[in-house]
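Welcome! Take it one topic at a time.

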Amino acid sequence: MDKLWGDRVVKLRAENAERGQLFDEGNYAMFIHWGLYSQLGNKVDGNTYYGIGEWIMNPRMAGIPVEKYKQLAGTFNPVKFDAGEIARIAKDAGMKYIVITAKHHDGFAMYHSKANDFNIVDATPFNKDPMKELAAACREAGLGFGFYYSHNQDWTFPGGGGGPKKDKDGNPATFDDYFTKKCLPQVQEITTEYGPIEIVWFDTPGKMPKHYVEQLVEVVHKNQPRAMVSGRAGHGLGDYQTLGDMEVPRENIEGLWESVDTTNDSWAYAWYDEYWKTPKEILKRLIACVGRGGTYMLNIGPRGDGTVPERAIRTLELSGEWIRRYPQVVYGTEASPWQHALPWGDVTRKGNTLFVCVFQWPTSGKLYLPNLKTGIESADLLVGKEKRSIAHGRQGDWRFLEIPPRAPEKLVSVIELKLESEAKVDPIWSLDPNTETEILAEFAEVTGIEKSAKRWMEKFGEWKGIVHAHGFGSGGKATWDVDVLQPGDYIVDLTYSGEGRLVWSVNVEGGEQIQNQQNASHNYQSFPIGWLNFPRAGRYKVSVQCLDGNVDSASLKAIHFTPVGQ
């Protein structure tokens with residue numbers, strides 16, 4: 001999929017004050033995957049296919065022949081589609097713009113295309129253009145509007161990527177046939193007939209030659225001078241970077257970028273998929289993206305009749321209620337000076353003000369801010385619009401906040417810190433005195449082993465990814481620099497996958513070494529290794545080795561430290 005998604009583009013800022021402003025400052029948007037595939041809901045001829053439903057006709061899913069798939073249009077009649085309701089859901093969720101599928105890989109246009117009659121007006125009994133309604137509803141609600149367009153893949157038009165190799169007359173079809181007869185004219189349509197557009201979200205360029213992408217980008221910029229082009233246009237021609245599907249980064253990323261994610265596990269509607277992200281999980285992922293310097297676009301998949309699953313609405317509304325209470329945390333903010341999440345939560349920044357977002361509220365009465373070098377001017381616990389001043393102090397190079405024993409918010413509590421000057425932080429990983437600290441292998445230095453990205457699908461199209469340390473058969477190790485405020489014993493766990501029983505060693509340079517054998521699993525699980533002592537406050541190097549067993553299978557994801565007694 002990395003090859004299909006195309007090369008990543010990194011641009012440092014919007015090109016002018018207007019273009020990309022909503023993207024750069026809004027930080028939160030709604031994605032919508034809706035099409036012919038939605039009425040199937042991942043069920044074909046009585047069989048359920050697990051995975052992303054917009055690929056349902058693909059041979060790796062149900063393998064529906066082109067002509068049979070096109071016949072679905074004759075029964076597609078989404079009479080319950082309510083553009084105003086969808087705009088309301090997005091606005092109540094705190095989202096700033098909507099991007100919806102104008103044409104996905106199946107080639108079916110969800111708008112009235114004059115270039116090709118395989119569209120929702122000409123080929124269905126619905127006979128209306130829902131995109132006209134949604135564009136108008138977004139304008140009325142004060143939301144931005146944009147289109148997704150699959151520019152390379154088209155599985156039903158001759159010559160399109162993955163499509164028929166011959167036209168209806170039996171003549172060989174080329175990609176140029178598809179591009180000139182359908183793709184380019186349709187991009188012209190969506191950029192001229194629906195009013196102002198914030199984004200044109202191209203997808204999966206694959207091996208699409210550069211000159212085609214250049215023409216599409218030129219059309220977008222000509223017809224919609226304020227519109228952004230997604231990073232998946234290909235050949236580095238997008239206006240910002242788009243990460244992989246469902247990818248939320250663990251460390252800050254420079255430039256303009258977005259993460260695209262879903263409210264459950266699938267993009268399009270799937271009848272079986274009831275694994276919804278909770279309001280707290282949505283906020284955690286949103287704040288993680290904003291805290292890493294980016295934008296979060298979260299998908300819903302309406303049913304074939306046009307309605308949005310009720311549980312998707314509920315979780316978006318509940319998380320949106322929190323955003324309305326604390327909009328300053330999300331909008332127009334910058335990345336965390338720590339450059340990564342902290343054990344208890346995350347941080348966003350606006351000038352010299354930090355918004356400390358606490359997901360796991362400490363019961364000790366203290367919240368620790370590791371290695372914050374800048375003085376604190378004031379600290380206020382926010383309860384909606386109310387501010388409650390709290391005491392703060394310093395312990396070594398750390399700062400701490402005096403907090404009440406109970407969290408004021410059910411989902412995420414917020415503390416506003418006004419600093420004396422711009423935040424200066426040493427981003428070294430630090431062991432929190434109150435709670436477990438997880439440090440990913442992604443942040444390790446490796447010697448004699450490998451560290452690389454790894455992506456896999458739980459179900460078809462349901463992407464997961466980590467950076468893992470592996471290749472322990474060579475006797476190498478993964479090492480982290482850690483800062484310890486509270487000396488003493490810490491329980492050490494490792495999260496890894498592998499085969500059979502593995503022997504792991506955890507070593508403090510110049511200090512204690514522990515070793516243990518534990519089982520392994522094909523999926524990543526955490527296993528206890530033992531207690532490790534840090535005799536005094538300060539900096540340490542901690543390393544991990546896999547010593548025995550099927551060490552070639554060992555894949556290390558993270559190390560965990562929990563203060564004994566917590």
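**A helix pair, a sheet and a serine**

Helix α5 (residues 83–92) packs with helix α6 (residues 130–141) at an angle of about 45°, and their axes are 8 Å apart. Please keep in mind that this is a predicted model.

**How α5 meets α6**

- The crossing in which α5 passes α6 is right-handed.
- On the α5 side, the residues in contact are A83, G84, I86, A87 and K91, and they meet E133, L134, A137, C138 and A141 of α6.
- Sorted by class, the contact of α5 with α6 has seven nonpolar residues, one polar residue and two charged residues.

**A five-stranded sheet**

- Five strands form an open sheet in the order β11-β12-β18-β14-β15, and their pairing is antiparallel.
- At the edges are β11 (345–350) and β15 (386–389), each of which pairs on one side only.
- From one strand to the next, the twist averages 30°.
- Six bridges join β11 to strand β12 (residues 353–358) in the antiparallel sense.
- V347 has V356 in β12 as its bridge partner.
- Lying across β11 and β12 is helix α9 (residues 279–291), which runs at about 45° to β11.

**A look at S543**

- You will find S543 in strand β29 (residues 538–548).
- With a relative accessible area of 7%, S543 is buried, because buried means under 20%.
- Setting aside neighbours within four places in sequence, S543 is in contact with K477, A478, T479, S505, V506 and N507.

Terms used:
Residues numbered from 1 in each chain as written. Predicted model: local features only at pLDDT ≥ 70, side-chain atom pairs only at ≥ 80, totals over all residues. Heavy atoms only, no water. Axes fitted to C-alpha atoms, helices over the stretch in contact; angles between N-to-C directions. Helix = DSSP H or I, 4+ residues; strand = E, 2+ residues; numbered from the N terminus. Left-handed = near helix turned anticlockwise from the far one by under 90°. Contact = heavy atoms within 4.5 Å. Nonpolar A, V, L, I, M, F, W, Y, C, P; charged D, E, K, R; others polar. Buried < 20%, exposed > 50% of the residue type's maximum accessible area, 1.4 Å probe, protein only. Pairing = 2+ DSSP bridges.
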